[in-house]
Amino acid sequence: MATFPEFIAQNEERDGVRFSWNVWPSSRLEATRMVVPVASLFTPLKERPELPPIQYEPVLCSRVTCRAVLNPLCQVDYRAKLWACNFCYQRNQFPPTYAGISDVNQPAELLPQFSTIEYVVQRGPLMPLVFLYVVDTCMEDEDLQALKESLQMSLSLLPPTALVGLITFGRMIQVHELGCEGISKSYVFRGTKDLNAKQLQEMLGLTKPTAAQAGRGPQAPQAPLSNRFLQPVQKIDMNLTDLLGELQRDPWPVTQGKRPLRSLGSAMSIAVGLLECTFPNTGARIMTFIGGPATQGPGMVVGDELKAPIRSWHDIEKDNAKFMKKGTKHYEALASRASTNGHIIDIYACALDQTGLLEMKCCSNHTGGYMVMADSFTTSLFKQTFQRVFTKDVSGAFKMAFAGTLEIKTSREIKISGAIGPCVSLNAKGPCVSENEIGTGGTSQWKICGLDHNTTLAVYFEVVNQHNAPIPQGGRGAVQYVTQYQHSSGQKRIRVTTTARNWADAGTQIQSIAASFDQEASAILMARLAVYRAETEEGPDVLRWLDRQLIRLCQKFGDYHKDDPNSFRFSETFSLYPQFMFHLRRSPFLQVFNNSPDESSYYRHQFMRQDLTQSLIMIQPILYAYSFNGPPECVSTVVCSGPALLSVQISTVDFNTLQTDSVVHISLKRPVLLDSSSILPDRILLMDTFFQILIYHGETVSQWRKAGYQELPEYENFRHLLQAPVDDAQEILHSRFPMPRYIDTEHGGSQARFLLSKVNPSQTHNNMYAWGQESGAPILTDDVSLQVFMDHLKKLAVSSAA
Amino acid sequence: MSQQGYVATPPYSQAQPGMGGYPAGFGSTPAQPLYRHYGGPPQSFPAPPTGMMKPVSSPSGMPPPQVPSHYGSNGQQNGAHPQSYPAPPYGQPPQSPYHSMAHQGPPPAQQLTNQMGAMNLGYGPGPMQSPQVPPTSPPTQQPFQTAPPPAMGHSPLGPPPTGPHSSQMAPPQSPLAGPPMAGPQSMGGPPPMGGMGRPFPGPPPPGAGGFQQPGPGAAGPPGHPQQLQGQFGGQMAGPGMAGPGMAGPGMAGPFQGGAAQMAGPPQKKLDPDSIPSTTQVIEDDQAKRGGQVYTTNLRGQVPPLVTTDYTVQDQGNASPRFMRCTTYSFPCTADLAKQCQVPLATIIKPFATVPKNETPMYVVNHGETGPIRCNRCKAYMCPYMQFMDGGRRYQCGFCNCVNEVPPFYFQHLDHMGKRVDFYERPELSLGSYEFAATLDYCKNNKPASPPAYIFMIDVSYANIKSGLVRLVCDELKTLLDNLPREDGAESSMVKVGFVTYNKILHFYNVKSALAQPQMMVVSDTAEMFVPLLDGFLVNFQESRAVINNLLDQIPDMFADTNESETVFAPVIQAGVEALKAAECSGKLFIFHSSIPTAEAPGKLKNRDDKKLINTEKEKTLFQPQKAVYEQLSKDCVSQGCSVDLFLFPSQYVDIATMGDVATHTGGSIFKYSNFQVERDGQHFLSDLRKDVEKAIGFDAIMRVRTSTGFRATDFFGAIHMNNTTDVEMAAVDCDKAVTVEFKHDDTLSEETGALMQCALLYTTISGQRRLRIHNLSLNCSAQLSELYKSCETDALINFFTKSAYRAMLNQPLKTVRENLVNQAAHMLACYRKNCASPSAASQLILPDAMKVFPVYLNSLLKTGPLVGSAELSTDDRAHQRLSTTAMGVEDTQLLLYPRLIPLHNMDVASDVVPTPVRCSEERLTDAGMFLLENGCSLFLWLGQACPPELIQSIFNVPSLAHVPVDLRSLPELDNPQSKKLRSIVDSLLDQRPSSMKLLIVKQKDRSEIMFRQHLVEDKGLHGGASYMDFLCYVHREIRQVLT
């Protein structure tokens, strides 16, 4: 049998699933003692280019409360043409089309390698994709121009049959009628009023035409697949391009000392309403481009007086953010309306100040929409991110999927506590729903309006098997994920992933359970839980909870003598976990200090939807060093080589031996500790925090650069050295969504703060002299370093008092 | 008191104060023609009045004190000659005069005529016996015409009154009581004295009978009163009056006093020619004062009639075109005013068009400090400020406060106490002028911007189908080149905007930079707003291409609409919001088709209930639906947004409500029922053109200041009042007038007179803020006769019309009608009691200046709004009521007494419009062709026997039968008749504020009914008495008042 790491990697590769434990404790009691719950990170649309979609529909268990999909784990009686559901043990007849089934002629869904399989539903019409642009016009001309160009460009990326619509807003909201000859028409709404779908429908005259058509008779049949406001790209391409070209900045005067009146809340409401009454339950994206906060009407987050700044964390703590609650409520209502109809809300907020993401976050979070935060529409961060939304896979289909629902079925021994991710509950009660909610619980089905290949949900389970009802040897707990979604081709598809894990009695087989621990997945699962709690609870409480969990885990799985901290040892499968927790505690997901509420919301939004690897980077950024001839280096790569950190083992490599003239720049790169000691004058550092790609030139290097050595032919290698991190950064920039902020800085540069805030402050102004080394850069902070953190952790873990 | 015994004075004679004619007229017979025989040919009254008349010329000569109460007064009023008549009357008891008159007078009939004549003329020699003289006979007129030096009239008349009057005042009543009674009895046989005949003596038959009657109350009442009352008070039943039998007695009553008498001479009918004729009065005034220069240098001077063609020279008082009063001599005390019941009012038309030959307004600029004003009452510098102290100070003529003259304004005084720069400064020497206003006079202290015109077109099914939308759009393309502009300006500064709507609104962005217009739809009618700022209101010249593009597209865009619901209040709201956003004032032109039933604020439902007519609740039909529209009016006014409403209804649209905003914002309402482009297109377009092009001021606020002792208390017009003094008008154009009523606070002094200053702050068409000042000074007198002498019937009827139309919102129509007649009767009775010489009760005596007042009043009572007939559409009645509220004197005059112009015998060679004839069926001839116009309608009436040659020359068809009735304009034919007629029609259309649709009516055709409605001297088609009957009725009322 392969090692657990291999098993985990294989499972992730094939099914997009990673469990916190890969062997499950067999009773509820034991499970709760494991500290980290049985849970999984599931990426529903994990990219599987080699997986051919199957052109028929899944076979379902006939029990009404089950309806599980036939899968490789089911027992099949080929002779009787029967199969037994592995979740409810119902015996089912195969449908007539399976008449030819035999043990040599098996359908794909019974083959073990198809534990994940995708069906294409043939019924129903192909649904059009709908893209509704909601564009703020209260911005500087330069920004607006850039935005207009981006939007015009995006038209060429849309499939010709996709429907597009345009809503612009400033003080008023304009819903543009498309494809008008000779005159451009738009319906205008005041921004201070919220309209429900019915009112909107009437005001846009969306009911009348159909009634009239019906009256006229013959023309009636043409289904309203498009209407005046949402029309196929191919038809109104030119028209819309012109329309966008003619967009003007909001003309209403803004007096000195005022913010422009921006009716963002109503505009979004109208967008939601428009789709609600025209394309319910059809995949659609509302793409909102905003250049500032909503300043009037429902959903406003700040008044128009410039002298009253937008709420800060301080205000929120003091309960002094007077628009926040009302605003949030408005957007929550919108999010729920949109998600009910399977519509996605994307938010592209490009402004130097906050735009109210805190209030609007639920719109993206609940609908699986994107949230992008940039300083301006002129930045490449926005332009490229936006362009990347429309990237296509090899088959030419968008990488995005629409209007998804995820249904989970479990074996009897476990139940579903809830999910955390860009989803909303569908409130489907059932036998496999636990009463203990974690995250969005109380249901076995969730709606995920917007999905892409990275969208990842954390799903938490509860072992419900009683201690006195042992599971027979060799029993396995199974989980089936059924994801239905609208493919960007318009097809309806169902992807089914069925996984199973062994049960083990914690009393006797605790080692095998411990060995099956996936500390990376667990770190993310716990982090999601912590962040989820942080949204509603006080920061310190969450930290305390996180600490307690960590200590309990150490107590449970550590190897130590009571009250002797120095005796504490952690096995390899756990060794990185505390370090992840250390960085998580310092991360912007739990610390709001130094971040605006909008930034916090943005960071949390990304954290809650990205897959494991990206999430890990967010928690613990990656740091690479580039130099000509650094001293022997500690090369514990942060992610993979586990044991290094806790025991502070140092494996040394003589880089000089690797160095050859021809590959200077490659061999120069090496991962280094995310530690202040890594910041050296003769190094260039490349840090990837997911949100930022930062290149930092050490003091000496930056002096060389300023002196212009890289221009001189004899210092070509220096030029290469400078270029190396840039190239690496480009590579990351090209693949990541959303585009990270690219920062090029140097020793003493103001932007270096991003680096200094991330590294472990092993040297601070408090202890730098004690260390007595000239290497590294002291960080001016009172935060504890990893070493101090670990010392405390060990002390607490071994304490008998705890 | 009974009036019987008295000889009524000849009020008429007094009325003509301005005439120079008196002197000349004396002794001659000319008078008769003017008034003809009221009594009709048969009855001739002695010409006693003549005697009375004389006094007029030399009133001063009379010894005031001695004069017995009324005789004296009579004399004066009449302007009687003391000399000629004096002795007998004074010394003798009342009766004597009659006797004497009787003696003199030949046959009664003649006398009557004589009297009439006398009144007019001053006095005809006793023996005026030419009743037959045709009313208009030229010779008789001549004297007047020749006589006239204006000044003349005054001198004799002006001064005398004071003395005599005062004496009269006190005694009048007691004496009356005694003598009168006696009089009648004694006068058995003698025919009525026509002495007084002037007015209406002329009751038909044996005047004598009338006089003999003891008490009108006793005898008269039984028969007639009932009839009459019934008729007038309630609905006037046509038939009642019409009945021949009735007619006789009915008329007789008033004039004769006793029914009994009727029997004898009874059958004689009153000759319609004998009762005061409006056309005659107009003609006379035109003859006397037409073509002359009217100089406004005198206080309390009565101007020519509105119908007269004259030129004004401003010398310190506002031209009568701007301000016209009901009387030019105010009573000194509130008691007197109350006693006479003559309303004291001024009709102000601040933007009245002045003919090219009169001086345009001067604009005075007093620099940064703004116009100089009295510190206390804030009156503006004007000719009534009295400079003193070597020119360092001035005393305000209104409040008497003494103010310092600001240094920059200082000027020395000449030996007369006049400033040396008197003639250089319009504000010192003129009655009307303008001040440039400073920022203090602007809204929010920001300079005003040029106004905007917003065209709001209802594009619902009805308007599309009728072709109206296309018509309007096509017209606008050229019309917008003619937007009003400042004199001398190259192009108009007025911005334009466009909105179309049905139950939602479409705004258009027509910015010049756009390649094509943008349409912005607002469907949230519950809370209207303007969706765009930039590009909605644009300069037509700059955006011409885009606008034309838009106007081309609009009709097609909605060509296949089937939306039939409309909104209305939100449309106006949108206009207001647009102007608010643009920070300017302006005007909305709304082209609307139907009652707004779509779900939106201001939604209306059909509340037209004919069952309410003639009930207490009838008034509700005219009351606007409040709430939304009331607030809307306020919004409009505060933004300076005027609303002009063009309605194209096919059924009831609740004009009472829909027109409410227009009538509070200085707007107009035009109505084209069942609009068809071919039939009504031209009519509508010319209305639209006039409306768009006319001179106008915006965002106006008017204040009328008066000298101490009286003040403005009530205002009528297309205005809005937030408080009791400031008249706010979103806009005021050249046709809008405000009628202002005054009341006494205190005693007025004869010496200082009554001064009024109307100051109108407004924004010009180019966006400048200005103050337009009109000053007017009136006389004050303790003598009622003075007041009656300087009354202005046309102004009076304007006041009565407006106040009655307002009253009908709160009172049952019946009450309104009764009040009108009562007040009129009081006015006339007061005259008779206090000013006229004694006469028989049976004689109707009218002040000369008011002698045609009854015909106007009767016409007013017969107007749609007041007549209360289920046959008239409620909308039409409401429309007429509303459109009258802002009318000036000219308009009400014409409306209530249309011009009936005979065409069959016109002199094609001259360019004079033929003299109109009286509005009565009797004036029509079968072989005639007549043109009738009242400012709203224009009829061409073709008699059955109309000569084919005439038909041919005008219509180019061989006979009457071939004349197409649906002709909307006259064919252009090259012959003198056609040219002449067309030029007449064109000139009429040109003069009137709104255009009139030409209707061709053939005698005895069904369409003749509409035409006949306008023959105001006849019985009303929907009820209402004939002129003659009404006179009788009024007379009755008067007698009742007097008893």
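The model is predicted.

Start with the sheet. Four strands of chain B build an open sheet in the order 28-29-30-31, and their pairing is mixed. Look at the edges next. Strand 28 (899-902) and strand 31 (997-1002) of chain B stand there, each with a single partner strand, so one side of each has no neighbour in the sheet. Neighbouring strands are turned against each other by 20° on average, direction ignored.

Now move to strands 29 and 30. Strand 29 covers residues 929-933 of chain B, and strand 30 covers residues 937-942 of chain B. The two pair in the antiparallel sense over five bridges. Find M929(B): the residue opposite, in strand 30 of chain B, is L942(B).

Helices come next. Helix 35 (residues 948-955) of chain B packs on the sheet. Helix 35 touches strand 29, strand 30 and strand 31 of chain B, and its direction makes about 50° with that of strand 29. Helix 36 (residues 976-991) of chain B lies across strand 28, strand 29 and strand 30 of chain B. Helix 36 runs at about 10° to strand 29 of chain B.

Finally, turn to the records. An unreviewed UniProt entry lists "domain: Gelsolin-like" at residues 912-984 of chain B. Over residues 912-984, the chain is 23% helix and 15% strand, with its end C-alpha atoms 9 Å apart. UniProt also places "domain: Sec23/Sec24 trunk" (unreviewed entry) at residues 449-692 of chain B. Over residues 449-692, the chain is 36% helix and 18% strand, and the end C-alpha atoms are 19 Å apart.

Terms used: Residues numbered from 1 in each chain as written. Chains lettered and ligands numbered in written order. Predicted model: local features only at pLDDT ≥ 70, side-chain atom pairs only at ≥ 80, totals over all residues. Heavy atoms only, no water. Pairing = 2+ DSSP bridges. Axes fitted to C-alpha atoms, helices over the stretch in contact; angles between N-to-C directions. Contact = heavy atoms within 4.5 Å. UniProt positions renumbered as here; feature names shortened; annotations may be inferred.
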